[in-house]
Amino acid sequence: MSPAITLPPTLPTAPLSQTWDILRSIYDAHPPKPSYMPHPVHDGDLGFPTHEMLKDMVNITETDAYASRIEHESVVRHLPPYPEDLFKGRGIVMLAGGKYSEFAATALGMLREVGSQLPVEVWMKNRAEEKEGWCEELEKEGMVCRRLQDYMDMSLLSHPYQWKIFTVLFSSFQDVVFLDADDIPIRNPDVIFDSPIYGDKGVILWPDYWKHTGSPWLPYIIGISDEASDMLQEEKSAESGQLVWDKERHWKSLCLAAYYNYYGPQYYFTLINSGWAGWGDKDTFPMALKALIEPYHQVSQDIVTVFINGTVQGIGMVQADPTNETNSKPMFLHSNIIKWSMRDFLCVGCWALDGSTGMISHLENPSSPINSHMLEGKRVFSTDQLSDIGMDAEPLIWEVMEKLACRSVWGNKQVCQQARDHMSRTFGYQFKSSRVASLLGYGDRVCATRP
């Protein structure tokens with residue numbers, strides 16, 4: 001660990017649990033009506049839903065809309081003030097656990113490779129979600145594991161989409177950059193906190209591909225309109241693979257977004273999304289900010305879709321650096337389609353060893369869109385897009401994955417050798433045994449030479 005990186009502070013369990021008990025009592029006292037709203041599935045053959053279609057996609061009576069509005073008003077009135085002295089400093093928060101921890105390992109490795117010096121909290125549902133030995137490895141990088149189960153009853157949250165907001169809420173940091181486990185930093189995000197736009201707004205969100213698809217009753221229920229309205233439907237929806245939040249300045253909107261997520265699967269996810277693509281937590285954040293008339297910044301640059309080399313099939317999406325939107329550069333690669341982990345890419349028989357069924361790596365799977373890339377030593381990202389993306393991140397991602405395959409709890413000898421073979425064939429890396437390292441007692445070390 002670099003001397004400049006410090007571990008996040010120890011979380012005080014009692015005050016955080018007490019804060020959650022207060023919030024939960026407010027949420028439980030004011031459920032929306034009806035208690036369950038069916039999640040419609042929009043027919044994609046009909047295209048993007050029109051204003052007229054959105055009126056009929058979610059069936060809410062005027063009586064229920066009014067009742068939900070009253071409950072919402074009560075929640076807003078009772079939201080507690082910011083808990084002084086509970087949260088401190090700046091940091092990165094990531095939600096991982098289970099299989100997603102493998103993707104998180106790649107993203108966290110890249111975070112340090114691009115120069116981030118911020119402490120990191122890696123949140124999981126409970127101890128059962130932790131990979132043995134991984135949390136000890138993370139501490140050497142200024143990162144700690146946290147468990148949501150230590151602060152709340154996880155049986156209250158039926159869907160993993162509900163968990164994200166609570167990692168931000170319970171984090172020890174006042175200023176948070178949140179990243180999904182499959183969201184790979186390709187530029188140092190530390191600079192965001194010192195940018196004028198963050199200093200001015202205190203929240204930064206990123207756009208999704210499509211416009212808002214919420215029910216016309218949504219603006220009425222959250223109190224930004226006196227009637228059902230299509231006022232939001234020309235706005236770009238949000239993509240929450242990454243977000244930046246000042247909890248002191250925007251505490252009440254964070255708590256209101258947590259209310260939307262608390263009742264997300266049974267009500268608010270559908271109210272906000274109408275069953276269109278992206279159903280989940282992502283637009284609960286801007287809706288809470290709008291409801292409380294709090295300022296925020298949504299990045300103006302559109303997503304750049306990254307394609308698989310030699311195809312027109314998407315593999316992920318690049319989100320822009322928000323600190324200089326006049327000279328846009330990439331900051332995050334959200335790998336929402338094919339996710340980066342060594343075992344997913346190159347390991348033969350790994351899933352069988354874990355007792356998993358029906359799961360094989362891209363190298364093993366002839367139907368995988370990157371199977372030939374793994375077999376033949378080809379780049380994964382389209383080389384035609386390097387100028388559009390603004391940087392070539394793939395070699396560095398492979399360096400991180402080689403480290404994970406060869407020198408971490410995630411690897412083994414087979415996948416280590418597969419990684420090095422692929423990097424040699426594809427990028428021209430050279431790997432040589434280090435006699436000096438062995439003589440000094442560091443074991444079987446290999447020196448890598450970049451092309």
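1. A word on burial before anything else: a residue is called buried when its relative accessible area is under 20%, exposed when that area is over 50%, and partly exposed in between. By that scale Cys135 is buried, because its relative accessible area is 12%. Please keep in mind throughout that this is a predicted model.

2. Let me stay with Cys135 for a moment. Which cysteine does Cys135 pair with in a disulfide? The partner is Cys145, with the two sulfur atoms 2.0 Å apart. Cys135 sits in helix H5 (residues 134–139) and Cys145 in strand E3, so this link ties together parts that are ten residues apart in sequence. The torsion about the S-S bond is -100°, and the link of Cys135 and Cys145 is left-handed.

3. The count of disulfides comes to two, and Cys406 with Cys416 makes a disulfide as well, with an S to S distance of 2.0 Å. Is this link left-handed or right-handed? The torsion about the S-S bond of Cys406 and Cys416 is about 100°, so the disulfide is right-handed. Helix H16 (residues 394–406) holds Cys406 and helix H17 (residues 413–427) holds Cys416, so the pair ties together parts ten residues apart in sequence.

4. Turning to charged pairs, the model has 25 salt bridges. One of them joins the side chains of Asp226 and Arg69, N to O 3.5 Å. Asp226 lies in the loop between helix H8 (218–221) and strand E7 (236–246), while Arg69 belongs to helix H3 (residues 62–78), so the pair ties together parts that are 157 residues apart in sequence. Asp226 has 70% relative accessibility and so counts as exposed, but Arg69 has 13% and so counts as buried. The two are also members of a network of salt bridges that links Arg69, Glu73 and Asp226.

5. Where does the partner of Asp182 lie? Asp182 forms a salt bridge with Lys339, their closest N and O atoms being 2.5 Å apart. Lys339 is found in the loop between strand E11 (330–334) and helix H12 (342–346), and Asp182 in the loop between strand E4 (175–180) and strand E5 (183–185); the pair thus links distant parts of the chain, 157 residues apart. Asp182 and Lys339 are both buried.

6. Arg146 pairs with Glu121, with 3.1 Å between the closest N and O atoms. Arg146 is in strand E3 (residues 143–147) and Glu121 in strand E2 (residues 120–124), so the bridge ties together parts 25 residues apart in sequence. Both Arg146 and Glu121 are buried.

7. Next, a histidine. His297 lies in strand E8 (residues 297–298), and it counts as buried because its relative accessibility is 15%. Its side chain makes a polar contact of 2.3 Å with the side chain of Glu325. Apart from neighbours within four places in sequence, the residues in contact with His297 are Ile197, Lys201, Val203, Ile204, Leu205 and Glu325.

8. Now for a pair of helices. At what angle do helix H9 and helix H10 pack? H9 (residues 251–262) and H10 (residues 264–273) meet at about 115°, and their axes are 6 Å apart. From H9 the contact draws on Tyr259, Tyr260, Asn261 and Tyr262, and from H10 on Gly264, Pro265, Gln266, Tyr268 and Phe269. Six of the residues in this contact are nonpolar, three are polar and none is charged.

9. Last, a serine in a loop. Is Ser155 buried or exposed? With 61% relative accessibility, Ser155 counts as exposed, and its place is in the loop between E3 and helix H6 (163–170). The side chains of Ser155 and Asp153 are joined by a polar contact of 2.7 Å. Ser155 and Phe48 are 107 residues apart in sequence, with 35 Å between their C-alpha atoms.

How values were computed. Residues are numbered from 1 along each chain as its sequence is written. This is a predicted model: local features need pLDDT of at least 70, side-chain atom pairs count only at pLDDT 80 or more; totals for chains, interfaces and linings use all residues. Side-chain values use heavy atoms; hydrogens and water are left out. Axes are lines fitted to C-alpha atoms, for helices over the stretch in contact, and angles run from 0 to 180 degrees between N-to-C directions. Helices (H or I, at least four residues) and strands (E, at least two) are DSSP runs, numbered from the N terminus. Contact means heavy atoms within 4.5 Å. Ala, Val, Leu, Ile, Met, Phe, Trp, Tyr, Cys and Pro count as nonpolar, Asp, Glu, Lys and Arg as charged, and the others, Gly among them, as polar. A salt bridge is a side-chain nitrogen of Lys or Arg within 4 Å of a carboxyl oxygen of Asp or Glu. Buried means under 20% relative accessible area, exposed over 50%, partly exposed in between (1.4 Å probe, protein chains only). A polar contact is a pair of N or O atoms within 3.5 Å; within protein, one must be able to donate a hydrogen and the other to accept it, and residues adjacent in sequence count only if both atoms are side-chain atoms. A disulfide is a pair of cysteine sulfur atoms within 2.5 Å.
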